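User: I have a model open and want to go through it piece by piece. Can you take my questions as they come?
Analyst: Go ahead.

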Amino acid sequence: MVHFSTDGRPLPSPTPITAPYFDGLREHRLVLQRCPRHGYFFYPRGRCPVCLGDDWEWEELSGQGTVYSFTVDRAGHDPALASRIPFAIALVDLDEGPRLVGNMVDCEVGDVAVGMAVEAAYEDIDNTTLLGFRPVG
Ligand SMILES: [Zn+2]
């Protein structure tokens with residue numbers, strides 16, 4: 001379910017499974033679940049997508065990574081975000097292995113590049129924090 005910020009942007013509605021992820025973001029920490037058998041990190045869900053085990057634990061990641069790929073929204077496909085165009089949405093390979101998606105911040109969309117070194121950026125909106133990425137170096 002989606003609700004909207006006071007400036008009109010869609011915000012996530014945490015569930016019991018995803019709440020620790022969003023609680024971490026609110027503390028400006030990036031945490032994901034990690035399977036104890038093979039070290040696989042994954043998005044919040046009830047079971048490890050590799051072995052289906054449910055004995056995962058939350059683990060903090062560095063937030064450091066590199067841009068795997070990206071796209072730029074110049075058309076305002078989502079009316080709620082049309083006032084923010086153009087903006088870049090990046091797939092980021094974190095140093096610990098998992099690939100996350102987030103908006104690029106603190107840079108021009110024309111400067112985003114595959115292989116660019118980035119770090120997690122935390123944007124506080126109302127009582128929610130969104131994960132983005134900014135260039136480093
Ligand atoms: Zn597993």
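User: Leaving aside neighbours within four places in sequence, what is L100 in contact with?
Analyst: L100 is in contact with L30, L32, Y43, A90, L91, V92, L94, L131 and F133. Contact means heavy atoms within 4.5 Å.

User: Where is L100 found?
Analyst: In strand β8. Strands are DSSP runs of E of at least two residues, helices are runs of H or I of at least four, and both are numbered from the N terminus.

User: Is L100 buried or exposed?
Analyst: L100 counts as buried, at 2% relative accessibility. Buried is under 20% relative accessible area, exposed is over 50%, and partly exposed is in between, with a 1.4 Å probe and protein chains only.

User: How far apart are L100 and G132?
Analyst: They are 32 residues apart in sequence and 9.5 Å apart in space, C-alpha to C-alpha.

User: What kind of model is this, and how are residues numbered?
Analyst: It is a predicted model, in which local features need pLDDT of at least 70 and side-chain atom pairs count only at pLDDT 80 or more, while totals for chains, interfaces and linings use all residues. Residues are numbered from 1 along each chain as its sequence is written, and side-chain values use heavy atoms, with hydrogens and water left out.

User: Back to the inside. Which residues have the most contacts in the largest nonpolar core?
Analyst: L30, M104, L131 and F133, in a core of 21 residues. A nonpolar core here is a set of buried Ala, Val, Leu, Ile, Met, Phe, Trp, Tyr and Cys residues joined through side-chain atoms within 4.5 Å.

User: Which elements supply at least two residues of this core?
Analyst: α1 (19-26), β3 (30-34), β7 (87-94), β8 (99-104), β9 (117-125) and β10 (128-135) each do. β7 gives the most, with 4 residues.

User: Zooming out, what is the secondary structure of the protein chain?
Analyst: There are 1 helix and 10 strands. Along the sequence the pattern reads β-β-α-β-β-β-β-β-β-β-β.

User: Why call the chain as compact as a globular protein of that length?
Analyst: Its radius of gyration is 15 Å, close to the 14 Å that the globule rule gives for 137 residues, so the chain is as compact as a globular protein of that length. The radius is taken over C-alpha atoms, and the rule is 2.2 Å times the number of residues to the power 0.38.

User: What box do the C-alpha atoms fill?
Analyst: Roughly 45 × 35 × 25 Å, taken along the principal axes. Of the 137 residues, 33% count as buried. Among contacts with a separation of 6 or more, 49% come from residues 24 or more positions apart.

User: Now T128. Where is it, and is it buried or exposed?
Analyst: T128 is in strand β10. T128 is buried, with a relative accessible area of 12%. Outside four places in sequence, T128 is in contact with H3, L11, P12 and E123.

User: And where does S5 lie?
Analyst: S5 lies in the loop between β1 (2-4) and β2 (10-12). S5 is also buried, at 6% relative accessible area. Not counting residues up to four places away in sequence, S5 touches L11, I125 and D126.

User: Backbone next. Which peptide bond is cis?
Analyst: The bond from I85 to P86 is cis, with omega near -5 degrees. P86 is in the loop between β6 (64-73) and β7.

User: What about phi of L52?
Analyst: Phi of L52 is near 65 degrees, a positive value in a residue other than glycine. L52 sits in the loop between β4 (41-42) and β5 (57-61) and is exposed, with a relative accessible area of 55%. D106 also has a positive phi, about 60 degrees, although it is not a glycine. D106 is in the loop between β8 and β9 and counts as exposed at 59% relative accessibility.

User: What is R47 in contact with, leaving aside neighbours within four places in sequence?
Analyst: F42, L52, G53, D54 and W56. R47 lies in the loop between β4 and β5 and is partly exposed, with a relative accessible area of 46%.
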